[in-house]
Amino acid sequence: MDNGSVLTFFTLSGLDYTVQHRIVLFALTFLCYSVIWIVNVVLIITIIVDEKLHEPMYIFLCNLCINGLYGTAGFYPKFLMDILSPSHVISYAGCLLQSFVIHSSSGSDLTILAVMAYDRYVAICQPLMYHSVITKQRIYLLVAFSWILPLCCMFTNTMTIFQSKLCGSHIPKLYCSNALISKVACSTSVANTIIAYFNIAIYILHFFFLIWSYMYLVRRCLTSKQSRKKFMQTCVPHLVSLVNFSFAVLFDLMYTRFGSRQLSQSLQNFMAIEFLLIPPVMNPLVYGMILTKIRKRILGCI
């Protein structure tokens, strides 16, 4: 127990590949990370440069892409170094930081999607009141809310395990998470358990709000041809992103439940990083292809 308290590093697992496989994996990972940066930066710059896109929906979309870059920055640089390294070690502070960045980004993804659902609800169900409800001040508040809430949730969760004594140093995953750090701690504090369940409850409420809002929008749009057209043009990308995010979270939960025993290592790795791989690529591509204003602006620059 005393030795556990002085541990200052963790070892990550999941990269037991041959040298040839590592080189191929490094090339594919570097390509994937480059694509994530290109598609997200193109969409961000397009929205910032074109004043016609300075509308609430596009501002929220810009934040979604920025969040994608923020979350992947917590994983890919370290992962690329680990692929070429014989040892996969991360410091205690680095592990906490990586967990904070990755999971606060995931929380922010869901919060931004909830804010976008609220925006579409007002636009379709209360079109005459849209500009009086979604004012500049409210846009600023919603953007701040979508960043501050996840950061605060993860910060409080991280602080509850920061001073924990460690009785192990092995993290059975490609990256760190607070849940896995808690498992190698000598004991779990009551505060950590309470805050973890409180954070889960917050995002369950987010998810139920998203489901309710889109069910209401679909039901409302069935009664009006104009509303149905607006729904197909602006809400379909949100639904695709929500489904994409939901499957990504499901894969991560499946990894937590079944990983390390029943599944192959490669499948475990995919399940662990799916939410860091598919959504950051798919979100800007889906919005860029479906939203007419963005598509025309990008194609006009090519």
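The questions and answers below concern cavities, cores, strands and one cysteine in a predicted model.

Q: How many cavities of 30 Å³ or more does the count give?
A: A cavity here is a set of grid points where a 1.4 Å probe fits but cannot get out. With volumes of 30 Å³ or more kept, the count comes to four.

Q: What is the volume of the largest cavity?
A: The volume is the space filled by probe spheres set on the grid points. For the largest cavity this comes to about 60 Å³.

Q: Which helices each supply at least two residues of the lining of the largest cavity?
A: The lining includes Asn67, Gly68, Ile102, Ser105, Phe275 and Leu276. Helix H2 spans 56–73, helix H4 spans 92–125 and helix H11 spans 265–290. The helices that each supply at least two lining residues are H2, H4 and H11.

Q: How do the lining residues of the largest cavity divide into nonpolar, polar and charged?
A: Among the lining residues are Ile102, Ser106, Asp109 and Pro280. Gly counts as polar and Asp as charged. The lining divides into four nonpolar, six polar and one charged.

Q: Which residues touch the most other members of the largest nonpolar core?
A: This core has 61 residues. Its largest share, twelve residues, comes from H4. The residues that touch the most other members are Leu61, Phe75 and Tyr175.

Q: How many residues are in the second, separate core?
A: The second core is separate and includes Phe10, Ile161, Leu180 and Val184. Its residue count is 13.

Q: Which residues does Tyr175 touch, not counting residues up to four places away in sequence?
A: Contact requires heavy atoms within 4.5 Å. By that cut-off, Tyr175 touches Leu12, Phe75, Gln98, Ile102, His103, Asp252, Ala272, Ile273, Phe275 and Leu276.

Q: Which are the edge strands of the open sheet?
A: Three strands form this sheet in the order S2-S1-S3, with mixed pairing. Each edge strand pairs on one side only. The edge strands are S2 (89–91) and S3 (170–171).

Q: What is the bridge partner of Thr11 in S3?
A: Strand S1 covers residues 9–12, and two bridges join S1 to S3. These two strands run parallel. In S3, the partner of Thr11 is His170.

Q: Is Cys235 buried or exposed?
A: Cys235 lies in the loop between helix H9 (225–234) and helix H10 (236–258). Its relative accessible area is 0%, and buried means under 20%. Cys235 is therefore buried.

Q: How far apart in space are Cys235 and Phe208, C-alpha to C-alpha?
A: In sequence, Cys235 and Phe208 are 27 residues apart. In space, their C-alpha to C-alpha distance is 17 Å.

Terms used:
Residues numbered from 1 in each chain as written. Predicted model: local features only at pLDDT ≥ 70, side-chain atom pairs only at ≥ 80, totals over all residues. Heavy atoms only, no water. 1 Å grid on protein atoms, 1.4 Å probe; cavity = no way out; pocket = protein on both sides within 12 Å on 5 of 7 lines; lining within 4 Å. Helix = DSSP H or I, 4+ residues; strand = E, 2+ residues; numbered from the N terminus. Core = buried A, V, L, I, M, F, W, Y, C linked by side-chain atoms within 4.5 Å. Buried < 20%, exposed > 50% of the residue type's maximum accessible area, 1.4 Å probe, protein only. Pairing = 2+ DSSP bridges.
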